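Thank you all for coming. I would like to walk you slowly through one structure this morning, so please have the sequence and the view open as we go.

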Amino acid sequence: MNPGAILAVTLFSLMISFGLTAAALATRGFWPNLAEELDTISLSNSLWRRFLVGFINALISFIIFAITTKHGALGLIGLIIFSIAIIFTFVGLVAEFCLWGRKILVLRDSPNSLFTQTITGGITLSIILLIPFAGQTIFFVVLFQSLGTTIYWLFQRKSLYKT
Amino acid sequence: MNCETALVLIYDLVDGEILPKDEILLKEHLAICQHCQTTLKSIEKAEKIYKHEILVTPAPDSVNTITKQVLENKNVFSLQSKKPYWSTKRIVYYLGTMAASFAAFIYLAGSLIIVNLASKIDLTSAISNTSSSNFNLDMSFSQFIESDLLNLLSTITNNISQSTLLKDLAIILFLVSLQFTISYLFTQNKIKQDNKL
């Protein structure tokens, strides 16, 4: 790979990850209740279960998208389903960034704000994304987890308030 | 974790009796809860004051006296019987879930298989072999089956086999149902009381 391509990939990765961090911060600011519910869901359900749910949903959404692209009108339905999956992933990232940030900041042994946690998580994942192949794999795992978190939130949000 | 649970763990933390697992959870909660941070600080402050100003000396033979009293009281050691895991309600719930999942799977898979099979059956040759395709009142049941019903079936299957859109639509419906069923079944674990908002 030539240096230009490496630079392009690095810049693209940084743009994606920092953009997502900013989006996560904005979501947390504008919809604090949603963010809190997602935080609770991510803490309540195991990492692998969330990953599995996210992975299955992403796979099925992609298959539907691939099948529907053959047909004109039906392609729109596939596109909508796939777009919803992507939006759900971004929503779930709000909790995932915060979770990563919290786990890292616990090492500092000092209480921190949600802002610091989200930023720390975002920066950590951005740096991880720069590791060739392994970093991208970890980032994709986190994305699947995010989708899983949002799916869990859809089904479990009512039970969060039941005593 | 809610503040009520955190308060119990804060006391354990101050007493140095907290489990490492709980300590991580507590620190996660403290990181986001200003109220509990203040509580921890005030408890730590109070603990320091007590440690430095009040010195408690146990009375001589106090341990022996307490042990003797505990041993004399037989009820101290009777533990509450634990509820068995497999109750009728639980078994019915599991069986019901399994039956519902199985029924859903059969329904979805069956509909998909029927659409696929129907599109593959070629009845045109069968129709061409039949002598009469006109319906009249004198024909027997077998004749009716051979003529009109086969005509009807062949028309439907030809329409289906010509259009891949219908097949794809069936596959998509199946996949969407599968997606929903898997997500629903996975997310049925209950949230711990401590984590409720």
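Chain A has six helices and zero strands, where helices (H or I, at least four residues) and strands (E, at least two) are DSSP runs numbered from the N terminus. Before I go on, please keep in mind that this is a predicted model, in which local features need pLDDT of at least 70 and side-chain atom pairs count only at pLDDT 80 or more, while totals for chains, interfaces and linings use all residues. Residues are numbered from 1 along each chain as its sequence is written, chains are lettered from A and ligands numbered from 1 in the order in which they are written, and side-chain values use heavy atoms, with hydrogens and water left out.

Read along the sequence, chain A gives the pattern α-α-α-α-α-α, and of its 163 residues 45% count as buried, a word that stands for under 20% relative accessible area, with exposed for over 50% and partly exposed for what lies in between (1.4 Å probe, protein chains only). Chain B, for its part, comes to eight helices and zero strands, and of its 197 residues 22% count as buried. If we take contact to mean heavy atoms within 4.5 Å, then among the contacts in chain A between residues at least 6 apart in sequence, 74% join residues at least 24 apart; in chain B, residues 24 or more positions apart account for 60% of the contacts with a separation of 6 or more.

Let me turn to helix H3 of chain A. At what angle do the axes of H3(A) and H6(A) cross? The axes of H3 (residues 47-68) and H6 (residues 134-156) come within 6 Å and cross at roughly 90°, the axes being lines fitted to C-alpha atoms over the stretch in contact, with angles running from 0 to 180 degrees between N-to-C directions. That makes H3(A) roughly perpendicular to H6(A), since angles of 65 to 115 degrees count as roughly perpendicular, those under 35 as roughly parallel, those over 145 as roughly antiparallel and the rest as oblique. Among the residues that meet there are A:Phe51 and A:Phe55 in H3(A), and A:Phe144 and A:Tyr152 in H6(A).

The buried residues of H3(A), including A:Ile56, A:Ile60 and A:Ile64, pack against H2 (32-44), H4 and H6 of chain A together with H8 (164-186) of chain B. A:Asn57, which is found in H3 of chain A, is buried, with a relative accessible area of 4%. Leaving aside neighbours within four places in sequence, A:Asn57 is in contact with A:Leu147, A:Ile151, B:Gln179 and B:Ser183.

Next comes helix H4 of chain A, residues 72-105. H4(A) bends by about 30° at A:Leu93, where the bend is the angle between axes fitted to the seven residues ending there and the seven starting there. A:Ala95 also lies in H4 of chain A and, at 0% relative accessibility, counts as buried. Apart from neighbours within four places in sequence, A:Ala95 is in contact with A:Arg28, A:Leu38, A:Asp39, A:Ser42 and A:Thr149.

Finally, is A:Phe133 buried or exposed? This residue, in the loop between H5 (114-129) and H6 of chain A, is exposed, with a relative accessible area of 70%. A:Phe133 has a positive phi of about 60° although it is not a glycine, and most residues other than glycine have a negative phi.

Key. Expected span 1.5 Å × (residues − 1).
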